[in-house]
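Hello,

Here is the structure I promised to pass on. My notes follow below it.

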Amino acid sequence: VGEIMEDAKGDLWITTLTAGLNVIKRDIRYGNEGSVINYSHNPKDINSISNDEARSIAQIDDGSFLISTISKLDLFKNGVFKTQMTDLEGGSSVFKSSSGVYYFGLSSGYRTATYTDGKLVIVEDNPLNQETVYEIVEDDKGFIWMATTSGIVRLNPKDKSLIRFDNNDDVVGNPTYLTLSKEGSLVIMGS
């Protein structure tokens with residue numbers, strides 16, 4: 001399992017690292033037909049997910065979804081997958097900030113984009129010294145936090161300033177997962 005997200009209807013969307021994307025339907029009793037839908041890559045179907053190594057998912061305001069796979073970013077809308085980016089370079093995270101900006105974790109930094117009038121528009125690429133960005137979250141003050149190969153990075157989206165936290169700051173050696181607790185504390189996991 002890569003990531004679990006609950007959508008606005010209460011369905012659970014589960015990215016997997018080998019079997020694509022699964023959806024557990026809230027309105028169908030689990031175990032009954034249709035309670036779990038699997039979307040996997042089919043090379044003969046251009047409307048299927050681009051890769052079975054699905055890593056992250058974010059819901060868009062119009063009810064569609066952005067799904068990052070190992071190499072591409074797909075838009076899932078009305079039962080159809082359409083590739084939006086083909087150069088995710090080991091993409092591992094897709095995150096929508098409270099300001100509506102999308103952040104994509106890459107093997108060489110991160111990318112920002114907006115989604116306007118049904119189109120994803122790249123704002124900029126940010127190399128972060130070629131660090132892989134594994135996970136992205138936002139705190140209640142609007143700071144963007146990223147787990148990277150070199151530690152934790154805090155981005156102030158207003159002025160683009162960065163603060164880095166690494167082993168010298170007693171941060172876990174190789175953070176690969178971030179989340180916020182109910183109290184707003186940053187929870188870091190890794191090796």
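**Overall shape**

With 191 residues, a compact globule would have a radius of gyration near 16 Å, and the chain agrees at 17 Å. That radius is taken over C-alpha atoms, and the globule rule is 2.2 Å times the number of residues to the power 0.38. Please note that this is a predicted model: local features need pLDDT of at least 70, side-chain atom pairs count only at pLDDT 80 or more, and totals for chains, interfaces and linings use all residues. Residues are numbered from 1 along each chain as its sequence is written, and side-chain values use heavy atoms, with hydrogens and water left out.

The C-alpha trace spans about 50 × 30 × 30 Å along its principal axes. The chain has 18 strands and zero helices. Both are DSSP runs, numbered from the N terminus (helices: H or I, at least four residues; strands: E, at least two).

Accessible surface totals about 10,100 Å². Carbon and sulfur atoms hold 48% of that surface. Areas come from the Shrake-Rupley method with a 1.4 Å probe; for residues, only the protein chains shown count as cover. Of the 191 residues, 42% are buried. Buried means under 20% relative accessible area, exposed over 50%, and partly exposed in between (1.4 Å probe, protein chains only).

**Cores**

The largest nonpolar core has 14 residues. Such a core is a set of buried Ala, Val, Leu, Ile, Met, Phe, Trp, Tyr and Cys residues joined through side-chain atoms within 4.5 Å. L66, L73, F104 and L120 have the most contacts inside it. Strands β7 (73–77), β10 (102–106) and β11 (109–116) each supply at least two of its residues. β10 gives the most, with three.

L120 touches L66, L73, Q84, M85, F104, A113, T114 and Y115, not counting residues up to four places away in sequence. Contact means heavy atoms within 4.5 Å. Another core, of eleven residues, lies apart from the largest one; M5, I49, I57 and F81 are among its members.

**Salt bridges**

The count comes to seven salt bridges. The rule is a side-chain nitrogen of Lys or Arg within 4 Å of a carboxyl oxygen of Asp or Glu.

- K96 and D61 meet at 2.6 Å, N to O. K96 is in strand β9 (residues 93–96), D61 in the loop between β5 (54–59) and β6 (65–69), 35 residues apart. K96 is partly exposed at 24% relative accessibility, while D61 is exposed at 72%.
- D125 pairs with R111, with the closest N and O atoms 2.5 Å apart. D125 lies in β12 (residues 119–126) and R111 in β11, so the pair ties together parts 14 residues apart in sequence. R111 is buried at 3%; D125 is partly exposed at 46%.
- R164 and E131 meet at 2.3 Å, N to O. R164 is in strand β16 (residues 161–165), E131 in the loop between β12 and β13 (133–138), 33 residues apart. E131 is buried at 4%; R164 is partly exposed at 36%.

**T148**

E131 turns up again here. T148 lies in strand β14 (residues 144–148). T148 is buried, with a relative accessible area of 0%. Leaving aside neighbours within four places in sequence, T148 is in contact with L128, E131, T132, V133, Y134, V153, N174 and P175.

Best wishes
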